[in-house]
Amino acid sequence: MDPLGKLSALLRTTTVGEQVILELDLDYSVLSAAPANPLEALRLINAPTMRVLRDGLAAAASDDAVLGLIVHIGTCPVTAAQAVELADLLAGFGEHKPVWAYTESFGEFRTGLLPYLLAAHTDKVWLQESGELGLGGVRAQITLLRGTLDKVGLEPQFGQRKEYKTAADTYAAHEISHANAEMMQQIANSITHWAVDLIAQRRGRTADQVWEAVDAGVLTPSEALERGLIDAVGYRDEVYAQARREWAGDSAGLRYVHRHHRASAAKELIRARLKPAVAVVEVRGGIVSGRPQRQPGGQPTATSEVVCQHLRAAASDEQVKAVVLRVDSPGGSYIASDAIRREVLRLRESGRPVVACMGDVAASGGYYVSMPADEIVAQPTTLTGSIGVLAGKFVTTELKEKIGLVMSDVTSGAWASFMSPNSRFTDEQWAALDRRLDGIYADFTGKAAADRGKPLDELEPLAHGRVWTGVDARERGLVDHLGGMGLAIERACALAEVLRDEVAVRPVSMLGFLRQFRPAESSESVGAVTLAPARLDLDGLIGAVAARLGLAATGVLSLPFGIRVDAGQGVLDALA
């Protein structure tokens with residue numbers, strides 16, 4: 001949904017004349033989901049949602065008034081998964097209408113691999129004469145914090161299952177382990193090889209020719225043109241002038257894709273309510289138990305009660321024929337993830353197929369909630385898997401001593417100080433923690449094997465806390481398809497045996513952020529989201545600062561901190 005666009009165009013049809021050239025300006029970025037509140041909507045007033053672009057381009061492809069599409073790549077502050085999904089949308093639209101891309105530069109003394117891959121899905125690529133093309137490759141970063149933690153007096157005490165669950169390394173290791181280095185190298189290699197092969201296919205080059213461009217570093221526009229990686233050199237005004245000449249659009253108007261309305265939004269909302277539906281349920285952010293609370297830094301969280309409530313609401317809605325579970329989460333709480341998994345299974349038992357659609361990150365707890373779906377769709381660049389467990393605490397005693405603060409626990413009960421930051425684990429407590437980690441790991445791997453229809457001895461070696469890209473995960477049977485929301489919706493329709501053109505795709509609630517002001521009628525309806533105030537004391541303050549720095553996991557099923565992949569646009573950070 002585009003809430004502001006819906007409100008402004010609710011009762012009218014907007015057109016821009018007999019002919020129009022559509023535009024997509026990626027300098028504004030793109031939203032994978034509708035704004036969560038009015039303030040966020042105002043801040044992102046010019047950023048379209050992926051859903052609006054998907055629906056708008058599909059409608060425009062058969063609109064005789066639309067001459068073509070011009071895409072401004074620009075700074076391209078989109079995530080890797082968004083770039084791949086946009087590329088598919090542009091290629092699909094390009095089967096019906098001309099699509100051109102232009103940019104000032106693909107990188108500026110840095111890699112522009114994924115923005116260029118996005119441009120390569122258009123018919124003609126323009127580059128400003130002062131710009132450059134730096135394919136470069138993919139850079140992955142490993143962060144170890146133990147030396148810094150030693151200096152400030154924070155002692156990490158963490159256990160992990162198993163060697164690839166490298167968040168414990170992040171906190172506790174002074175050197176990069178072989179498993180950590182191997183995993184990160186494979187992630188970087190997987191994304192780079194996939195991108196090179198796809199660019200070669202789209203540009204009619206060989207993979208070797210594209211690799212030569214990657215290894216050449218920064219290419220000037222003339223060098224990029226000579227290598228067949230771009231089609232023309234010019235500025236914005238030259239791009240538009242040439243498009244008008246070739247598309248016979250001298251009198252055509254300009255309109256952003258998400259502002260080109262050919263039908264009344266009010267009618268569309270009514271139709272969507274009357275049609276059979278594919279419902280979309282989101283799992284966005286760290287997975288935590290309970291109801292939403294104010295989080296440090298305002299980061300989104302997927303609270304188990306809200307997600308489960310939405311799944312139950314979908315199950316009780318007779319119009320809902322299938323559900324797409326949209327997951328963009330590094331995981332978190334084991335208990336919360338297990339509650340969500342249970343509701344996914346119950347939804348399937350109601351006769352409604354569920355297709356999980358992974359975004360940039362769907363790992364650890366994010367994979368846990370996805371694995372019971374009928375099918376899983378992931379992007380090639382999705383970070384997923386991480387079937388493993390991490391738990392522990394930071395002991396703050398030395399830090400408090402350094403700042404002259406005395407804090408001592410007064411306990412009643414043998415285990416009252418188990419997770420206290422004021423004391424180290426005893427041998428007995430370490431043994432208890434290890435037993436719990438072993439139990440959770442066995443449960444995770446066992447359920448993953450059952451959900452994916454694999455023998456445990458085949459699934460378990462793929463676990464060990466290892467993070468896979470979507471490409472590698474599909475090869476190993478951890479996901480079923482490579483693609484985005486468009487493919488997930490198609491698969492949901494196919495499994496439900498309904499025609500895509502005859503269903504509406506909508507969130508469980510049609511009210512978007514307005515649902516936050518409507519009280520729930522029961523635990524199976526969608527209602528108000530109340531933000532409970534978070535309690536703040538000194539340890540809470542330390543925890544909040546640690547969370548902002550990426551020093552805290554949201555639960556035992558959290559993706560390792562420090563997985564950082566940079567391929568030339570918004571850096572993909574997988575921080576728990």
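## Contacts of Leu26

Beyond its neighbours within four places in sequence, Leu26 is in contact (heavy atoms within 4.5 Å) with Val71, His72, Ile73, Cys76, Pro77, Leu86 and Leu118. This is a predicted model: local features need pLDDT of at least 70, side-chain atom pairs count only at pLDDT 80 or more, and totals for chains, interfaces and linings use all residues. Residues are numbered from 1 along each chain as its sequence is written, and side-chain values use heavy atoms, with hydrogens and water left out.

## Nonpolar cores

Leu26 belongs to the largest nonpolar core, which has 63 residues. Leu26, Leu69, Val71, Ile73, Leu86 and Leu135 have the most contacts inside this core. Helix α8 (residues 178–203) supplies the largest share, 12 residues. Another core lies apart from it, with 51 residues, among them Val354, Met358, Ala378 and Trp468.

A nonpolar core is a set of buried Ala, Val, Leu, Ile, Met, Phe, Trp, Tyr and Cys residues joined through side-chain atoms within 4.5 Å. Buried means under 20% relative accessible area, exposed over 50%, and partly exposed in between (1.4 Å probe, protein chains only).

## Packing of α3 and α4

The axes of helix α3 (residues 50–60) and helix α4 (residues 80–94) come within 10 Å and cross at roughly 10°. Axes are lines fitted to C-alpha atoms, for helices over the stretch in contact; angles run from 0 to 180 degrees between N-to-C directions. The two helices, α3 and α4, are therefore roughly parallel to each other (angles under 35 degrees).

On α3, the contact is made by Met50, Leu53, Arg54, Leu57 and Ala60. On α4, Gln82, Glu85, Leu86, Leu89 and Phe93 take part. These residues divide into seven nonpolar, one polar and two charged. Here Ala, Val, Leu, Ile, Met, Phe, Trp, Tyr, Cys and Pro count as nonpolar, Asp, Glu, Lys and Arg as charged, and the others, Gly among them, as polar.

## Ser289

Ser289 sits in the loop between β12 (286–288) and β13 (301–303). Ser289 is partly exposed, with a relative accessible area of 43%. Leaving aside neighbours within four places in sequence, Ser289 is in contact with Ser304, Ser333, Ile335 and Ala336. The C-alpha atoms of Ser289 and Glu305 are separated by 6.9 Å, at 16 residues apart along the chain.

## Whole protein

The protein has 21 helices and 25 strands. Helices (H or I, at least four residues) and strands (E, at least two) are DSSP runs, numbered from the N terminus. Buried residues make up 55% of the 576 residues.

Methods:
Angles under 35 degrees count as roughly parallel, over 145 as roughly antiparallel, 65 to 115 as roughly perpendicular and the rest as oblique.
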